[in-house]
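The entries follow the order in which I looked things up.

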Amino acid sequence: MQLNRFTDLGLRVLMYLTHRDREQPVTISEIAERFEVSRNHLVKVVHFMGVQGWLNNSRGKGGGLALAQPPEHYRLGGIIRTLEGNVPLIDCAEPPCALRQDCQLKAVLDVGMQAFFSTLDSYTLRDVIASPTGEAIIRLHRSPRPQSADKTAPDVL
């Protein structure tokens, strides 16, 4: 199984926002620069996560992004299920499979997915930012900010 790009970016944003030891708010442009990803795609991810209640987004000068709750309140299984859209590993109906009536593959894959998410539910965002990841996030926050070519675009939703 491979997580889609939307999920990957969502997890990176959540991890980046766990670092709170700074004066300036975190912006979408900053995260896009730090992770070298499309700002436009990141806007969609951040908006979705704001709708889920995972982020506090504030607009305007001095606005930015923050986690809505402490990192230990974010269970990885639930986050990934939501970001991935809870799509099954296999769709026996499209295209129609000739074995569909008598095949056990989908049932086995469904059990495997349940085990996968059950395992992920035992971890929180706090767990995945433990050392050395937490230190890497701090270094990322402290690295010099590249000059953005488009300073007129709003930074947050």
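Entry 1. I began with arginine 5, which is partly exposed at a relative accessible area of 41%. The model is a predicted one. I looked for a partner of arginine 5 and found a salt bridge to aspartate 8, with the closest N and O atoms 3.0 Å apart. Both residues belong to helix H1 and are 3 residues apart, so about one helical turn separates them. Aspartate 8 is partly exposed too, with a relative accessible area of 26%.

Entry 2. I then checked aspartate 8 for a further contact. Its side chain also meets that of arginine 12 in a salt bridge, at 2.9 Å from N to O. Arginine 12 and aspartate 8 are 4 residues apart in helix H1, about one turn of the helix. For arginine 12 I noted a relative accessible area of 23%; because buried means under 20%, I put this residue down as partly exposed. I recorded Arg5, Asp8 and Arg12 as linked in a network of salt bridges.

Entry 3. How many salt bridges does a search of the whole structure find? The search gives 5. One that I followed up is between the side chains of glutamate 72 and arginine 126, 2.9 Å from N to O. Glutamate 72 sits in the loop between strand E2 (64-67) and helix H4 (76-84), and arginine 126 in helix H6 (residues 125-128), so this pair ties together parts 54 residues apart in sequence. I have glutamate 72 as partly exposed at 36% relative accessibility, and arginine 126 as partly exposed at 40%.

Entry 4. I turned to the aromatic rings, and a search of the whole structure returned 3 aromatic pairs. Phenylalanine 6 is in helix H1 (residues 5-16) and phenylalanine 48 in helix H3 (residues 39-51), so the contact ties together parts 42 residues apart in sequence. Phenylalanine 48 is partly exposed, with a relative accessible area of 25%.

Entry 5. Phenylalanine 116 and phenylalanine 117 form an edge-to-face pair, 5.2 Å centre to centre with 70° between the planes.

Entry 6. I came back to Phe116 on the surface, where Met1, Leu3, Leu89 and Phe116 form a nonpolar patch with about 350 Å² of accessible area together. Leucine 3 is placed in the segment before H1 and is partly exposed, at 31% relative accessible area.

Technical notes:
Residues numbered from 1 in each chain as written. Predicted model: local features only at pLDDT ≥ 70, side-chain atom pairs only at ≥ 80, totals over all residues. Heavy atoms only, no water. Phe/Tyr/Trp six-rings, centres within 6.5 Å; stacked < 30°, edge-to-face > 60°. Helix = DSSP H or I, 4+ residues; strand = E, 2+ residues; numbered from the N terminus. Buried < 20%, exposed > 50% of the residue type's maximum accessible area, 1.4 Å probe, protein only. Patch = residues over 30% accessible without salt bridge, like charges linked within 9 Å, V, L, I, M, F, W, Y side chains within 5 Å. Areas by Shrake-Rupley, 256 points an atom, 1.4 Å probe, with all protein chains shown as cover. Salt bridge = Lys/Arg side-chain N within 4 Å of Asp/Glu carboxyl O.
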